[in-house]
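Please read it alongside the sequence and the coordinates.

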Amino acid sequence: MKDREQITIRLPVELIEWLQQEANNKGISFNAYILMLLNEERTHHQKE
């Protein structure tokens, strides 16, 4: 069983640039930042 899947998403350039800058500010990779945001959102919805 795979523990990861690769996906492709299309985002506006401005959003990608903003996300990359936020990741840079936190000292983490773009991918790690996206995963962090998704996990935070999932945790938030599980509490509801």
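Helices, as named here, are DSSP runs of H or I with at least four residues, numbered from the N terminus. The model is predicted. Two helices, α1 (residues 13-26) and α2 (residues 30-47), approach each other with their axes within 9 Å, and α2 also supplies the largest share of the lining of the largest pocket.

**Helix α1 and its end**
- The 14 residues of α1 should span 20 Å at 1.5 Å a residue, and the end C-alpha atoms of α1 are 20 Å apart, which agrees.

**Packing of α1 against α2**
- The axes of α1 and α2 cross at roughly 95°. Angles of 65 to 115 degrees count as roughly perpendicular, so α1 is roughly perpendicular to α2.
- On the α1 side, the contact is made by Ile 16, Trp 18, Leu 19, Gln 20, Glu 22, Ala 23 and Lys 26.
- These residues meet Phe 30, Tyr 33, Ile 34, Met 36 and Leu 37 of α2.
- By class, the contact comprises nine nonpolar, one polar and two charged residues.

**The largest pocket**
- The volume of the largest pocket is about 410 Å³.
- Its lining includes Glu 5, Gln 6, Ile 7, Thr 8, Ile 9 and Leu 11, together with Ile 16.
- Phe 30, Asn 31, Ile 34, Leu 35 and Leu 38 also line the pocket; α2 contributes five residues to the lining.
- Eight nonpolar, three polar and one charged residues make up the lining by class.

Conventions
Residues numbered from 1 in each chain as written. Predicted model: local features only at pLDDT ≥ 70, side-chain atom pairs only at ≥ 80, totals over all residues. Heavy atoms only, no water. Axes fitted to C-alpha atoms, helices over the stretch in contact; angles between N-to-C directions. Parallel < 35°, antiparallel > 145°, perpendicular 65-115°, else oblique. Contact = heavy atoms within 4.5 Å. Nonpolar A, V, L, I, M, F, W, Y, C, P; charged D, E, K, R; others polar. 1 Å grid on protein atoms, 1.4 Å probe; cavity = no way out; pocket = protein on both sides within 12 Å on 5 of 7 lines; lining within 4 Å. Points joined across faces, edges and corners; volume = space filled by probe spheres on them. Expected span 1.5 Å × (residues − 1).
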